[in-house]
Amino acid sequence: MPKIKSSFVKNILVGLALTSTAATANAQFLVMGGNPAGSLFYTQAQALATTISNHTGYRIDVLPQSGSVFFPMFQTQEADIGIASPVEAKLAYDAEGPFDGANGGDGYSMRTLMLGSVNRLSLVTREDDDINSIEELRDRRVVANYGAFAGSTKTALAALASAGLTEDDVDVVPVSSYPEGVRAVIEGRADAAVGSVGSGILQELDAAHGARLLPIHTDKAAVKRLQEVGPAFVPLEVDAGPVGIAERTPVLSYQTTLYARPDLDEQVIQNIMEALWNNADELPAITRTLSTWQPDNYANTDVVIPFHPAAIEFYKEKGVWTDELQARQDELLNH
């Protein structure tokens with residue numbers, strides 16, 4: 001067999017590399033916001049990005065940062081889409097709370113694409129600390145300041161409020177992210193922090209010390225108090241089974257929401273939504289926490305930030321846009 005010259009092989013390899021580079025260059029590149037590794041949102045963002053990429057050909061990079069980082073990036077077109085709690089998104093949109101003065105006081109501009117899975121949260125403690133109620137956290141060390149992660153701060157304060165407590169009734173432990181809060185409990189630097197059912201860091205706590213999600217109060221006065229902290233929070237009963245839930249327990253909930261920058265190309269939005277609408281059944285296979293990310297929940301009146309016009313057009317084509325949704329959209333636009 002004749003010996004192939006090394007220069008010939010080199011030319012072939014260079015050609016293959018150029019072809020690969022060209023293919024990458026031709027793929028549309030999108031940036032999707034998601035929280036740091038270890039958080040539930042990061043896991044969910046990775047799953048959504050994978051499904052969208054598989055069915056659109058878009059290359060989607062997940063930015064492991066909270067909305068406080070990627071909401072401003074919507075304005076500069078450095079980020080395109082992202083998942084966040086409606087609690088945090090509403091504060092950023094209205095330039096309130098930790099986002100006071102954001103974008104010159106106008107708030108960060110964004111639009112809703114779809115409402116997704118129900119996120120279930122409360123304050124979590126070490127099971128071996130034998131803390132069984134939120135009231136028992138009075139004068140204890142509670143992670144209730146998450147810095148730029150405004151959604152987690154609001155969750156902690158809402159859970160406390162359900163029991164008639166405020167940040168003045170506890171020894172506030174500051175951290176810089178949701179996973180760091182649970183890690184502070186694991187390491188004994190805090191007695192309680194926000195815990196999200198299904199998050200990886202909660203499993204670490206359970207393996208080390210056992211995890212216990214504390215029940216929130218759900219009487220009318222309690223719900224009024226917690227919704228004054230975060231209007232998007234809804235009490236929800238969780239059956240025993242998930243990590244931290246040994247018996248049926250009332251917790252806080254909201255629908256994780258997919259947002260986009262308002263000037264994102266409408267065809268791109270249509271393609272993203274079509275991919276998730278047609279292939280939602282693939283999501284639970286990637287992470288069980290997306291089992292409720294289903295088309296029949298994508299458009300509903302729990303939305304707190306107006307839908308993107310391309311999303312509305314999509315829902316009209318699917319026959320699910322209703323008069324009630326239009327009334328809610330008009331209310332949000334005129335607010």
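Visitor: How many aromatic pairs does the count come to?
Guide: The count comes to 10 aromatic pairs, where rings of Phe, Tyr and Trp (its six-membered ring) pair if their centres lie within 6.5 Å. This is a predicted model: local features need pLDDT of at least 70, side-chain atom pairs count only at 80 or more, and totals for chains, interfaces and linings use all residues. Residues are numbered from 1 along each chain as its sequence is written, and side-chain values use heavy atoms, leaving out hydrogens and water.

Visitor: How are the rings of Phe-307 and Trp-321 arranged?
Guide: Their centres are 5.6 Å apart and their planes sit at 85 degrees, so the pair is edge-to-face (over 60 degrees).

Visitor: Where do Phe-307 and Trp-321 lie?
Guide: Phe-307 is in the loop between α11 (295-298) and α12 (309-318), and Trp-321 in the loop between α12 and α13 (323-333), so the pair ties together parts 14 residues apart in sequence. Helices here are DSSP runs (H or I, at least four residues), numbered from the N terminus.

Visitor: Is Phe-307 buried or exposed?
Guide: Phe-307 is buried, at 1% relative accessible area (buried means under 20%, with a 1.4 Å probe and protein chains only). Trp-321 is buried too, at 15%.

Visitor: Which residues do ring pairs link into a cluster?
Guide: Trp-277, Tyr-298, Phe-307, Phe-314, Tyr-315 and Trp-321.

Visitor: New topic: how do α6 and α7 cross?
Guide: The axes of α6 (residues 178-186) and α7 (residues 200-209) come within 9 Å and cross at roughly 5 degrees, as lines fitted to C-alpha atoms over the stretch in contact, with angles from 0 to 180 degrees between N-to-C directions. The two helices are therefore roughly parallel (under 35 degrees).

Key
Angles under 35 degrees count as roughly parallel, over 145 as roughly antiparallel, 65 to 115 as roughly perpendicular and the rest as oblique. Rings of Phe, Tyr and Trp (its six-membered ring) pair if their centres lie within 6.5 Å; planes under 30 degrees apart count as stacked, over 60 as edge-to-face and the rest as tilted. Buried means under 20% relative accessible area, exposed over 50%, partly exposed in between (1.4 Å probe, protein chains only).
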